[in-house]
Amino acid sequence: MSSVLTEPRMTAILCLGRAQVQMPSNSDFKSLSVRQLRARRRRLAMSLADPQVNLEGSLVSQMRRCGKEGCRCSQGELHGPYVYLSIRRDTDRRLVYIPADLAQAVQRHLALTDQIESTLATISAINLELLARRQLD
Ligand SMILES: [Zn+2]
């Protein structure tokens with residue numbers, strides 16, 4: 001058996017990156033009045049993107065080995081890069097191939113999804129602060 005066949009086909013995984021969102025805490029809102037908190041919460045809710053854009057995962061780029069004997073990739077000249085949507089569920093990770101002409105649309109959905117998650121987290125932090133003041137309505 002040649003060494004090529006025993007090598008994993010997925011060779012390099014390069015994460016194309018998702019902005020790391022700083023999770024807000026209710027202590028960020030201590031200085032605001034209840035009225036200001038509710039106004040902030042309303043503005044955040046109004047700014048939310050349409051939830052129909054929601055798409056979870058992150059884009060990864062991979063170089064691949066096709067496994068055909070004599071192919072240039074067997075000499076280390078890999079194919080790609082190919083773009084995949086990586087979807088994690090608990091310990092599983094699934095990769096969905098993303099054709100080049102769809103990569104930008106997928107990227108836009110992912111960015112809006114990050115924005116929705118971060119806005120909802122901020123609204124939750126505001127509600128936690130309202131709760132601490134017994135003002136959760
Ligand atoms: Zn090949």
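1. Is L128 buried, partly exposed or exposed? At 46% relative accessibility, L128 counts as partly exposed, where buried means under 20% relative accessible area, exposed over 50%, and partly exposed in between (1.4 Å probe, protein chains only).

2. The model is predicted, so that local features need pLDDT of at least 70 and side-chain atom pairs count only at pLDDT 80 or more, while totals for chains, interfaces and linings use all residues. Residues are numbered from 1 along each chain as its sequence is written, and side-chain values use heavy atoms, with hydrogens and water left out.

3. The zinc ion is coordinated at 2.0 to 2.3 Å by C66 (SG), C71 (SG), C73 (SG) and H79 (NE2), donors being N, O and S atoms within 2.8 Å of the metal (3.2 Å for Na, K and Ca). Along the chain these donors follow the spacing C-x4-C-x1-C-x5-H. The angles among the four donor atoms run from 100 to 118°, and the site is tetrahedral, a label for four donors with all angles between 85 and 135 degrees.

4. The cysteines of this site can also be described by their accessibility: C73 is buried, with a relative accessible area of 1%, and C71 counts as buried at 17%, whereas C66, at 26%, counts as partly exposed. The structure holds zero disulfides, a disulfide being a pair of cysteine sulfur atoms within 2.5 Å.

5. To return to L128, this residue is found in helix 3 (residues 100-132), helices being DSSP runs (H or I) of at least four residues. L128, L131 and L136 make a nonpolar surface patch of about 260 Å²; patch residues have over 30% relative accessible area and no salt bridge, and nonpolar side chains are joined within 5 Å. A salt bridge is a side-chain nitrogen of Lys or Arg within 4 Å of a carboxyl oxygen of Asp or Glu.

Definitions and conventions. Tetrahedral: all angles 85-135°; square planar, octahedral: opposite > 155°, others 65-115°. Patch = residues over 30% accessible without salt bridge, like charges linked within 9 Å, V, L, I, M, F, W, Y side chains within 5 Å. Areas by Shrake-Rupley, 256 points an atom, 1.4 Å probe, with all protein chains shown as cover. Helix = DSSP H or I, 4+ residues; strand = E, 2+ residues; numbered from the N terminus.
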